[in-house]
Amino acid sequence: MKLIEYLEFISYTKTLEELWAGHSAQMANYGFDRLLYGYTQYRTATSLGDPEDFVILTNHDQDYIDGFLHSGLYFHAPMLHWALENEGAGSWRMIEELMNGRGVSKNARKVHEFNASKGVTVGYTISFNSVSMRSKGAISLCAQSDLSQDEVDALWAEKGREVLLMNNIAHLKILTLPYTAPNRALTKRQREALEWVGDGKTIQDIAVLMGLTSATVEKHLRLARESLAVETTAQAVLKAALHNQMFVVEA
């Protein structure tokens, strides 16, 4: 797709699945055939939050995701730390420069060795603008295996503004779409109960509105808290809202 066609496509996507499939195909046209997008709204000074609450989109092999993400290697990745301190696009050339210097941690070298074993060595990382102190998003664009970093840097010099714009717009669209993290799914009844809480209704009000007993409403809210891994109903409403799970338009 040309740039305007891509922007039109992104504007009208209604699901993350549709958006990610189109975005992955578009990035492959520029030579980036393996992508890893991550976004958190639970960042603190010492943590990125519970990994199960991250928005993760990728077309990497499961073997790579298990090794890089699920084992916790990602937290020591040099480009992740670059992304946390910067905004915009960063060439992976800086990784080699870092590895050739002194003072590199053992964990960072371990990440580098793992990535090298999987052919994840050439590419760019884009760090998105944050809308709050607790949010951060970034995407790793790994180039196809027959390209060198010199070739990718040359491509970026010519087409980098287009690629950066496309990824920024895709990120902004992702922020508007419903996302259900693994093991965080709400039932229709749990969501409805939370929506009424968000509207300021009492348990008794909700029971009348849903045609249930107060005890049953309490049960739905308790199960919603458990599903979202929070302690209070207010937290559950906030977390569901942050992931655009509230007042969802049914397909």
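Colleague: On a 1 Å grid over the protein atoms alone, a pocket is an open set of points with protein on both sides within 12 Å along at least five of seven lines, and lining residues have an atom within 4 Å of a point. Which residues line the second largest pocket?

Modeller: The model is predicted, so local features need pLDDT of at least 70 and side-chain atom pairs count only at pLDDT 80 or more, while totals for chains, interfaces and linings use all residues. Residues are numbered from 1 along each chain as its sequence is written, and side-chain values use heavy atoms, without hydrogens or water. The lining of the second largest pocket consists of Pro51, Glu52, Phe54, Ile56, Ile65, Leu69, His70, Tyr179, Pro182 and Asn183.

Colleague: What volume does that pocket have, and which element gives the largest share of its lining?

Modeller: The volume of the second largest pocket is about 250 Å³, taken as the space filled by probe spheres set on the points, which are joined across faces, edges and corners. H3 supplies the largest share of that lining, with 3 residues. Helices here are DSSP runs of H or I with at least four residues, strands are E runs of at least two, and both are numbered from the N terminus.

Colleague: Let us stay with H3. Which of its residues are buried?

Modeller: Tyr64, Ile65, Gly67, Phe68 and Leu69 are buried in H3; the term means under 20% relative accessible area with a 1.4 Å probe and protein chains only. After H3 comes glycine 72, which has a positive phi near 90°.

Colleague: Now the aromatics. How many aromatic pairs are there?

Modeller: The count is 8 aromatic pairs, where rings of Phe, Tyr and Trp (its six-membered ring) have centres within 6.5 Å, and planes under 30 degrees apart make a pair stacked. One of them joins tyrosine 64 and phenylalanine 68, which is stacked because the ring centres are 5.4 Å apart and the planes lie at 10°.

Colleague: Why are those two about one helical turn apart?

Modeller: Tyrosine 64 and phenylalanine 68 are 4 residues apart in helix H3 (residues 62-70), so about one helical turn separates them. Both residues are buried.

Colleague: Why does tyrosine 64 with phenylalanine 114 count as stacked?

Modeller: The centres of the tyrosine 64 and phenylalanine 114 rings are 5.5 Å apart with the planes at 25°, so this pair too is stacked. The pair links distant parts of the chain, since tyrosine 64 belongs to helix H3 and phenylalanine 114 to helix H6 (residues 106-117), 50 residues apart.

Colleague: Are the two partners buried or exposed?

Modeller: Tyrosine 64 is buried because its relative accessible area is 6%. Phenylalanine 114 also counts as buried, at 17% relative accessibility.

Colleague: Which residues form a cluster through ring pairs?

Modeller: Phe32, Tyr124 and Trp156 are linked into a cluster by ring pairs.

How values were computed
Rings of Phe, Tyr and Trp (its six-membered ring) pair if their centres lie within 6.5 Å; planes under 30 degrees apart count as stacked, over 60 as edge-to-face and the rest as tilted. Buried means under 20% relative accessible area, exposed over 50%, partly exposed in between (1.4 Å probe, protein chains only). On a 1 Å grid over the protein atoms alone, a cavity is a set of points where a 1.4 Å probe fits but cannot get out, and a pocket is an open set with protein on both sides within 12 Å along at least five of seven lines; lining residues have an atom within 4 Å of a point.
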